[in-house]
Amino acid sequence: TRGDPILTSSKLLLTAIAALTALFLLPGCGGDDGEEDPEQVLEETFNNDETVSSGVLDVTIEGSAEGEQGGSFSANLNGAFQGEEGETAALPQLDLTASADASGAGQEFSFEGGVIATRDNAYVEYQGETYEVGTDTFEQLKRSFEQQAEEAGATGEETQDPGAALEQLGIDPSGWLTNVENEGTEDIEGTETIHIHGDANVEQIIEDFSTLAEQAPTGTTDVPSPEELSQVSQAVDEASIDVYSGESDRILRGLDLNLSIDPSAVAAGAVVPIESIDLSFSLRLSGVN
């Protein structure tokens, strides 16, 4: 079965995959044993010249709001991906599952689905039904993905510098953390990592994601003004980031972002039906290459 819903879902999925691909192509080099300078670990992790061509991805987003119109939501994306050796701009083969649950204002929402992408076709699962994308449509999606990857700086060469791709996108993850500390080593999905903890630079993160959104196919030209960025920053009570970098290879194995938001801080004295908002984002990467 083919149709616009499947095509639309596939395009959205490819956009997400493109963003995740950029995330995993972050830079980094191996380090010496012992206590590492947290700034250096971040620099090596976010400027790593090793390409991640395969692995198992696990991304979770959770949120809750307290107040008269409070509610909660959670979403998860999990599964394996396998890229083509030496082809950094090629669409990887995928076997991903996705789920989402939300509740609030007396209503509930639940979603389960997934996608399998082979070298020449793709299949989308939605609420227990599986749909074939079709080879013709899949070829169009592949070309779209490859064009986006090339524009992002991927040259198709195995030795391309992933940091240059992020730089061309206007993204510098090393600026997302302040007051960083080395929390020691920690096992993440069977790999020994260095755990770096720091406060989140909220304004920089929003500015970087706004820049990234501008360059997406459905992007907008509306970039937050400095005043708007300042308002958002004032609404954040607490914000922290934890980075887990491979001890031997400085490949990103984990990333956690936690935010606590006070909506009344930007409401200019108005009555706000939401008292507080807590958000968390967690990413884990295992089975690398």
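Author: The following account begins with the model as a whole and then turns to the sheet and some of its residues.

This is a predicted model, in which local features need pLDDT of at least 70 and side-chain atom pairs count only at pLDDT 80 or more, while totals for chains, interfaces and linings use all residues. Residues are numbered from 1 along each chain as its sequence is written, and side-chain values use heavy atoms, with hydrogens and water left out.

The secondary structure comprises 6 helices and 11 strands. Helices (H or I, at least four residues) and strands (E, at least two) are DSSP runs, numbered from the N terminus. The protein has 289 residues, of which 38% are buried. Buried means under 20% relative accessible area, exposed means over 50%, and partly exposed lies in between (1.4 Å probe, protein chains only).

The confidence of the model is expressed as pLDDT, the predictor's confidence in each residue, from 0 to 100. The average for the protein is 79, and 72% of the residues score at least 70. Among the elements, β8 has the highest mean pLDDT (95) and helix α1 (residues 4-24) the lowest (50). Over residues 154-162, pLDDT stays under 50, and the model has 22 contacts for them beyond four places in sequence. A contact means heavy atoms within 4.5 Å.

The sheet is open and has 11 strands in the order β6-β5-β4-β3-β2-β1-β11-β10-β9-β8-β7, with antiparallel pairing. β6 (129-132) and β7 (177-188) stand at the edges with a single partner strand each, so one side of each is left without a neighbour in the sheet. From one strand to the next, the twist averages 10 degrees. Two strands pair if DSSP finds at least two bridges between them.

Strand β1 (residues 54-67) runs antiparallel to β2, and 12 bridges join them. These two strands form a hairpin with 3 residues between them. The bridge partner of D58 is N78 in β2. On to the next pair: β2 and strand β3 (residues 93-104) are also antiparallel, over 12 bridges. Here G79 stands opposite L96 in β3, and A80 has D95 in β3 as its bridge partner. β3 is in turn joined to strand β4 (residues 107-117) by 11 bridges, again in the antiparallel sense. A102 stands opposite F109 in β4. The hairpin of β3 and β4 has 2 residues between the strands, and A105 in the turn has a positive phi of about 55 degrees.

Leaving out residues up to four places away in sequence, F73 touches I61, E62, G63, D101, A102 and L279. The C-alpha atoms of F73 and A100 are separated by 7.3 Å, although the two residues are 27 apart along the chain.

Further along the sheet, β10 and strand β11 (residues 274-286) run antiparallel and are joined by 8 bridges. In this pair, G254 stands opposite R284 in β11. R250 lies in the loop between β9 (236-246) and β10 (252-261). R250 is buried, with a relative accessible area of 0%. Its side chain reaches the backbone oxygen of E247 at 2.8 Å.

T193, in strand β8, also counts as buried, at 0% relative accessibility. A polar atom of its side chain lies 2.7 Å from the backbone oxygen of E186. The residues that T193 touches, not counting those up to four places away in sequence, include G184, Y244, E247 and R253.

Helix α2 (residues 38-45) lies across β7, β8 (191-200), β9 and β10, and runs at about 75 degrees to β7. Such axes are lines fitted to C-alpha atoms, for helices over the stretch in contact, and angles run from 0 to 180 degrees between N-to-C directions. L42 touches L177, V180, I196 and V243, not counting residues up to four places away in sequence. L42 is also among the residues with the most contacts inside the largest nonpolar core, which has 40 residues. A nonpolar core is a set of buried Ala, Val, Leu, Ile, Met, Phe, Trp, Tyr and Cys residues joined through side-chain atoms within 4.5 Å.

Notes. A polar contact is a pair of N or O atoms within 3.5 Å; within protein, one must be able to donate a hydrogen and the other to accept it, and residues adjacent in sequence count only if both atoms are side-chain atoms.
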